[in-house]
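Open your viewer and get ready to click along. We will go from stop to stop, selecting a few things each time.

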Amino acid sequence: KGSTWGYGEENGPSLWHKDYPVAQGSRQSPIDIVPSEASFDPRLAPIQLSYDQCTSINISNNGHSVVVEFDDSDDRSVIHGGALPNPYRLRQFHFHWGEKGCHGSEHTVAGKAFVSELHLVHWNAEKYKTFGQAAQEPDGLSVLGIFLETGDDHRWLHKITDALYMVKFKGSVSDFKGFNPKCLLPSSLHFWTYPGSLTTPPLHESVIWIVLKEPIVVSEKQMGKFRMLVFNGEEEDLRSRMENNFRSPQPLKGRKVLASFK
Ligand SMILES: CCCCNCC(=O)NCCc1ccc(S(N)(=O)=O)cc1
Ligand SMILES: [Zn+2]
């Protein structure tokens, strides 16, 4: 029974609206970002990531992606700037990717998709008591999206890909301390920003999206290691490789995309 959502024929993105009607809402993500239609806004503050005291806790396979979680019990790792009203606290990051040689990003840029997209998820702990509550508020979350394209090996991504064998199956968790995601940033923090949603159920329209223009470069070999993960639990007979775990671009419905650069 396709009771839980996923990315397959029976439970994929085109069916999510049945359990999550907001899937057809007015501020859904991802979107196709068209640079020529984005407005440069000189009032946008530069993005600042204060991750130096960040505390990664674990890496896990939640049956939809691989997630690295952080201790978000205080303001030790925050993002601020852009259109954010105040600093937002880092909670986790995860990835979306395609199958070998194909695309797998969620946002696209003038119709161009990338092989993968990294999402650094932050929440407005200044205004809301818990992540779960913030995730349901229009200004509750801010996700920093970073595109991945293939080329040479990424010098730090191996810290993540070397741990993936520990979390092959849905429900597996492994210690993952001392990882600072600052090492996954491109050289430029030029960005686009727009009001959107979670790109997976519950699809709450609670995300201020910040998408970096410059992708990071990873090797096809490194991407291949993500594809050894599986959607299924260890005990399940049906094995299905974790790939194509991305939602496609959704209607803009009149939203304005702002650019931090000319
Ligand atoms: C107490 C915890 C309650 C959580 N309650 C469940 C929940 O809201 N989960 C949302 C998790 C999520 C989903 C999708 C993204 S994405 N792909 O848009 O970056 C980011 C984060
Ligand atoms: Zn995501």
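**A tour of two ligands**

Start by selecting ligand 1: 14 residues surround it, and the closest are His94, His96, Leu198, Thr199 and Thr200. A residue is near a molecule if one of its heavy atoms lies within 4 Å of it. Before you go on, note that this is a predicted model, where local features need pLDDT of at least 70 and side-chain atom pairs count only at pLDDT 80 or more, while totals for chains, interfaces and linings use all residues. Residues are numbered from 1 along each chain as its sequence is written, chains are lettered from A and ligands numbered from 1 in the order in which they are written, and side-chain values use heavy atoms, leaving out hydrogens and water.

Next, show the side chain of Thr199: one of its polar atoms lies 2.8 Å from a nitrogen atom of ligand 1. For His94, a polar side-chain atom is 3.2 Å from a nitrogen atom of ligand 1.

Now select the zinc ion (ligand 2). His94 (NE2), His96 (NE2) and His119 (ND1) coordinate the zinc ion at 2.0 Å; donors are N, O and S atoms within 2.8 Å of the metal (3.2 Å for Na, K and Ca), and water is not among the atoms, so sites may look incomplete. Along the chain, these donors follow the spacing H-x1-H-x22-H. Colour the strands (DSSP runs of E, at least two residues, numbered from the N terminus): His94 lies in strand S7 and His119 in strand S9, so this pair ties together parts that are 25 residues apart in sequence.

Definitions and conventions. Polar contact = N/O pair within 3.5 Å; in protein donor to acceptor, adjacent residues only side chain to side chain. Helix = DSSP H or I, 4+ residues; strand = E, 2+ residues; numbered from the N terminus.
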